[in-house]
Amino acid sequence: MATDTKTTCPYCGVGCGVIASVGDAGTVSVRGDPDHPANFGRLCSKGSALAETIDLEGRVLTPEIAGKPAGWDEALDLVAARFGETIAEHGPDSVAFYVSGQLLTEDYYVANKLMKGFIGSANIDTNSRLCMASSVAGHRRAFGSDTVPGCYEDLELADLIVLTGSNLAWCHPVLYQRIAAAKVARPAMKIVVIDPRRTMTCDIADLHLAIAADGDVALFNGLLAHLAGSPALDQSYIAAHTQGFADAFAAASQTMAELIEATGLPAMQIRQFFQLFETTERVVTCYSQGVNQSSGGSDKVNAIINCHLATGRIGRPGMGPFSLTGQPNAMGGRETGGLANMLAAHMALENPEHRERVKRFWQSPVIADRPGLKAVEMFQAVADGRIKALWIMSTNPVVSMPDADAVKAAIAACPFVVVSDIMRDTDTTRLAHVLLPATGWGEKDGTVTNSERRISRQRAFLPAPGEARPDWWQLAEVGRRLGFAEAFSYAAPAEIFAEHAALSGFENDGSRDFDIGAHGAIDAAGFAALTPFQWPQPSGVEPQDTRFFADGRFYHADGKARFVAVDAAVPLRVTETHPLVLNTGRVRDHWHTLTRTGKSARLSGHLAEPFAEIHPDDASRLGIRDADLVEIDSPTGSVIVRALLTPRQARGGLFVPMHWTDAFAARARIDTLVPSLTDPVSGQPALKHVAVSARRFAAASYGFAVSTVKPQNLDTPYWALAKANGGWRVELAFETPLDDLEAWCRIHFALPAEAESLGYSDRMSGDARIAFFLGEQLLLALFVASQPVAVSRNWAIGQLSEPHADSRTRFAVVAGRPGAGRADPGATVCSCFSVGVNQIVSAVRAGCGTVEAIGATLSAGTNCGSCRAEIRGIIDGCQVAAAE
Ligand SMILES: Nc1nc2c(c(=O)[nH]1)N[C@H]1C(S)=C(S)[C@@H](COP(=O)(O)OP(=O)(O)OC[C@H]3O[C@@H](n4cnc5c(=O)[nH]c(N)nc54)[C@H](O)[C@@H]3O)O[C@H]1N2
Ligand SMILES: Nc1nc2c(c(=O)[nH]1)N[C@H]1C(S)=C(S)[C@@H](COP(=O)(O)OP(=O)(O)OC[C@H]3O[C@@H](n4cnc5c(=O)[nH]c(N)nc54)[C@H](O)[C@@H]3O)O[C@H]1N2
Ligand code: SF4
Ligand SMILES: [Mo]
């Protein structure tokens, strides 16, 4: 009998409900929770593959001091002693916590309480600074509070959805599916996507505006000016509920020529968008990192909100600005005040009354009275020695922070660094003095809040492995050791949640948006049974509306919302030496720095190496062909990645994913190229608009390998590792020709001496192949060529699981060709059912003309649906080819 546990997906901010089933043999499977209001049973490819990422391979299972196993007491004593000494000698601002939107609310609450109320500094910041800070700042400027007004249902009720700076199909796939389904049910619904790239999200778009980098403020200013002259302007709403319209309108004025210049869009498209927005009352504008991660991110947010305020389209069904949160608990982090400029429970650090109230509630000796250092400033302070002890928890800043090499050097030079992680070897854990093993998803208990303010339980369904302990426990133990035993005496997350809920309701009386006081007295049984609910839920009040601001009442002192006058000037960043705009972001099947999704062969099969999307015209100008390697430089760093030529990418720009790390590739940490330029209001770095140059990387030869074991100490200028069924796949490039292929393999692949090799080389072409067998098992096959290796990746990976008893099958491996009768599936498109592009093409040729028909034949696209847009693209491609 399997035991089912209802929990929440640990990836994106959609916050899908998951049912985890543990079978008798301990095997885990996951499925969508049909009762969870975020997903109603759906899951995307990452959520569906959760069971593949929870094995213990690579986990850190005991505390480590200087790389050696240590006991918890020893490690915690050391952390407390070093933090205590540093604070005593250099003051509370000489220490810092750098935490994460992937912590549970309970972890976050304890971290923030310890730093702001007991250590007495506000030097706690989070990777949410890289993610949601501009939305927070924009909300606070407009509403007087950090409130997401709407809910997911609005996406189904809207007649127009504007998606700006959001690749929803890949980054919030279940919301994308909900919208796609709504559009099928109601084809009149319109969707506009605003993104410099033609992403997979454009698959459902009626209009795609390929906006120039950072053209958003100009576009929404243009929209505001347009609305001001149209019947859509809601003058009575503006008069009754807002301030500042005149100034915002004045700042919005620009000529059509300026608008075209700033946005790079044709006038026709701009007018079409303005017209749609003007004439559609039910409009939701969703935005994510193309908006937030900008030097003008807060202004972008307010430019959007201005348009909703001007039309009074906020807080009503199917209307409103909608900030899509990235991480599973970005919202919970904001609720607990885990940003350097916030206080707990949506109270304001700059407000003395709020500070006094929190201090009284916590009965704390102190309370931080000025903002702490924001992420970028924090690592600068680490670099220049102002921060002398740093605790990094549930984030990998050596990969994800801008100017990543400088961040790496700063951490390496910091006198005392604690890292809490679930994995032993990440680019950041490598720099820890003390490494603390955290319990991960499935092992820990607590709550998370999704993009629509819905609080759900994450529940443990596995025992804590080894010595791993929850993050809140680690923090509380250090708090106790710093002398605050009573304040950190929690026995379980339920107690922390109850305290957090009580604080949210404490002296609130409707003055603060975040109020879940109804749960202030929750006990262990109540916490165990807690079902997903949306805030607010004040004590003694029946659960009310799921939307804010329908009554026109905002949280500024006068109860009115603010228009913010925003500046549309687009920074010119490219230079003569760095003439291309680098844009960065995500791919469908990977999560951030690969520590979890990189464990799944299925997920790793979609895009298996770091790449740069480049427009074919730019590529040809630069002499770059498809599958070449490309070296990209900025003043702060350089990477080498695969070139992926695609007209989806606008001319003059490149897109490189953020995922690859030093653990997975030779030189692909894209944040080494990103300068630490931030939005002056929010402190959020501009991660999407970087000036770079690019050139073809001339390799002497290229390689591709499949191997049962992970290679070690690769020293070629380019290599990229990915999990594959039965082992690993490795892309390689060599600077000088390899003289002795066999010796090179034996050095890097830990081959047993008795492994038999079979090789082949062609002096004329420079092609060489070598394979190693032990009995029937293929251990390693390496294909080297003077051009990017053309061997079918999936066929080669398949060989790791095939028997090779006779010389015919062994020679077939070395020949690098699928044997007769066995078709090559091609690159994975559908990761749920491992269906490759060639299979889809064959099915199209055999008559499947729709995504549904492909689904019926191959199952592809019928589970999570994340690949449906790609399948449609393949069908279209085949039909175009057939017509030519
Ligand atoms: N598969 C997957 N899903 C994820 C994550 C993941 O790692 N993998 N991470 C989660 C997290 S933490 C986050 S924050 C979200 C991020 O979710 P998204 O913000 O949707 O994802 P990104 O790919 O970072 O960027 C979105 C889009 O912004 C566009 N863009 C760049 N510059 C501009 C601009 O100037 N204007 C406009 N309008 N658009 C621009 C980019 O081309 C890109 O397509 O995803 C969450 N979901
Ligand atoms: N260039 C560029 N850079 C970016 C972005 C971009 O779009 N472009 N996006 C930015 C954004 S929006 C974000 S959110 C960040 C994300 O960047 P990071 O937060 O650095 O990335 P993750 O890989 O999610 O790191 C989470 C770490 O926590 C560990 N972990 C997992 N579960 C637990 C747990 O329960 N406890 C503990 N203690 N550890 C755990 C994981 O193994 C991993 O090492 O990247 C930012 N950086
Ligand atoms: S959309 Fe996918 S990644 Fe996001 S919460 Fe749902 S299943 Fe998880
Ligand atoms: Mo994020």
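**Close-up views of a predicted model**

**View 1. Domains of the chain.** The domain assignment divides the chain into domain 1 (3-53), domain 2 (64-131 + 329-491), domain 3 (133-323), domain 4 (580-696), domain 5 (701-815) and domain 6 (828-883). The model shown here and in the other views is predicted. Domain 2 is written as two segments, 64-131 and 329-491. Between the C-alpha centres of domain 1 and domain 5 the distance is 37 Å.

**View 2. A stacked pair of rings, Phe245 and Phe249****.** Searching the whole structure gives 30 aromatic pairs. In one of them, the ring centres of Phe245 and Phe249 are 5.9 Å apart and the planes meet at 15°; planes under 30 degrees apart count as stacked, so this pair is stacked. Helix H10 (residues 245-252) holds both Phe245 and Phe249, which are four residues apart, or about one turn of the helix. Phe245 has a relative accessible area of 17% and is buried. Phe249 has a relative accessibility of 34% and counts as partly exposed.

**View 3. A tilted pair of rings, Phe548 and Phe549****.** A pair of aromatic rings is described by the distance of the centres and the angle of the planes. For Phe548 and Phe549, the centres lie 5.8 Å apart and the planes are at 55°, so the pair is tilted. Phe548 and Phe549 are both buried.

**View 4. Arg469 over Trp473****.** The charged end of Arg469 is placed over the ring of Trp473. Its distance from the centre of that ring is 5.8 Å.

View 5. In the side chain of Ser394, an N or O atom is 3.3 Å from a nitrogen atom of ligand 2. A nitrogen atom of ligand 2 also lies 2.8 Å from a polar side-chain atom of Asp471. On Thr595, an N or O atom of the side chain is 2.8 Å from an oxygen atom of ligand 2. On its own, ligand 2 has 920 Å² of accessible area, and the protein covers 99% of that area.

How values were computed: Residues are numbered from 1 along each chain as its sequence is written. Chains are lettered from A and ligands numbered from 1 in the order in which they are written. This is a predicted model: local features need pLDDT of at least 70, side-chain atom pairs count only at pLDDT 80 or more; totals for chains, interfaces and linings use all residues. Side-chain values use heavy atoms; hydrogens and water are left out. Rings of Phe, Tyr and Trp (its six-membered ring) pair if their centres lie within 6.5 Å; planes under 30 degrees apart count as stacked, over 60 as edge-to-face and the rest as tilted. Helices (H or I, at least four residues) and strands (E, at least two) are DSSP runs, numbered from the N terminus. Buried means under 20% relative accessible area, exposed over 50%, partly exposed in between (1.4 Å probe, protein chains only). A charge sits over a ring if NZ of Lys or CZ of Arg is within 6 Å of the ring centre and within 35 degrees of the ring normal. Domain bounds come from an automatic or database domain assignment. A polar contact is a pair of N or O atoms within 3.5 Å; within protein, one must be able to donate a hydrogen and the other to accept it, and residues adjacent in sequence count only if both atoms are side-chain atoms. Accessible areas come from the Shrake-Rupley method with a 1.4 Å probe; for residues, only the protein chains shown count as cover.
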